[in-house]
Amino acid sequence: MKILRFTSACLIAAIMAGSCGTMNKTGKGTLIGAGSGAALGAAIGGIAGKGKGAAIGAAIGTAVGAGTGAIIGRTMDKKAEEAAKIEGAEVEKITDSNGLTAVKVTFNSGILFAFNSSELSSSSQKALSDFAVILKEDPTIDIAVFGHTDKVGTYEANQKVSTDRAFSVQQYLQRCGVSASQFKEVKGLGYSQYDESLSADENRRVEVYMYASEEMIRNAENSK
């Protein structure tokens, strides 16, 4: 499994709270590294779950030129900035398996779900609907969704709840108008992605990745 180094400073921010209707936002998110010029330095590249998950990136089979990468980088920078305006989640720019800028958005399950539940909380739906607007703006963005859990209970129970949570987020985003064709991977990771550096609460999370599709890459190459 390839692990690529970060190629840009990390922008991390905020995203989660609400419905396709109107609800109050809760819990302002954080922007990590803003204005400091600091890169994260960890070599997790476009890999879900700190190097242990599936590689993020379209299977294009060829190297991507610097000019194409710069065009896509500007697009993803904009998406990261837009996502950073939404409350309740963390936004991070990473590098995908093609060496292109991608965006990882982490939603804590404390905002999304009750304990051991996959039913979206009312406070999460407004933020997800705001996030859907960003995803719908460019249908050439590919999306991957990964659900995570703590270690309370059996492996099977945690695998099920992490899977159900990932699909709950996907299905809600689709109800808000995101195209089903944009979702390239939706899965629960259960114990396999437990991060010992985080608390149990922090491990209960859903990660959504935005990355360049084959079509976006072709469009960028043709626009040079």
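User: In what order do the 5 strands of the open sheet stand?

Analyst: In this predicted model, 5 strands make up an open sheet with mixed pairing. From one strand to the next, the twist averages 15°. The order of the strands is β1-β2-β5-β3-β4.

User: Which strands stand at the edges of the sheet?

Analyst: An edge strand has a single partner, so one of its sides is left without a neighbour in the sheet. That applies to residues 89-95 and to residues 183-188. The edge strands are β1 and β4.

User: Which residue of β4 stands opposite F146?

Analyst: Strand β3 covers residues 141-147. Its pairing with β4 is parallel and runs over 5 bridges. Opposite F146, the residue in β4 is K187.

User: What angle does helix α3 make with β5?

Analyst: Helix α3, residues 122-136, packs on the sheet and touches β2 (101-108), β3 and β5 (205-212). Between the direction of the helix and that of β5, the angle is about 15°.

User: How many residues apart in sequence are the parts tied together by the pair of Y155 and Y191?

Analyst: The model has 3 aromatic pairs. One of them joins Y155 and Y191 edge-to-face, at 5.4 Å centre to centre and 85° between the planes. Y155 belongs to helix α4 (residues 155-175) and Y191 to the loop between β4 and α5 (200-203), so the parts tied together are apart in sequence by 36 residues.

Terms used:
Residues numbered from 1 in each chain as written. Predicted model: local features only at pLDDT ≥ 70, side-chain atom pairs only at ≥ 80, totals over all residues. Heavy atoms only, no water. Pairing = 2+ DSSP bridges. Helix = DSSP H or I, 4+ residues; strand = E, 2+ residues; numbered from the N terminus. Axes fitted to C-alpha atoms, helices over the stretch in contact; angles between N-to-C directions. Contact = heavy atoms within 4.5 Å. Phe/Tyr/Trp six-rings, centres within 6.5 Å; stacked < 30°, edge-to-face > 60°.
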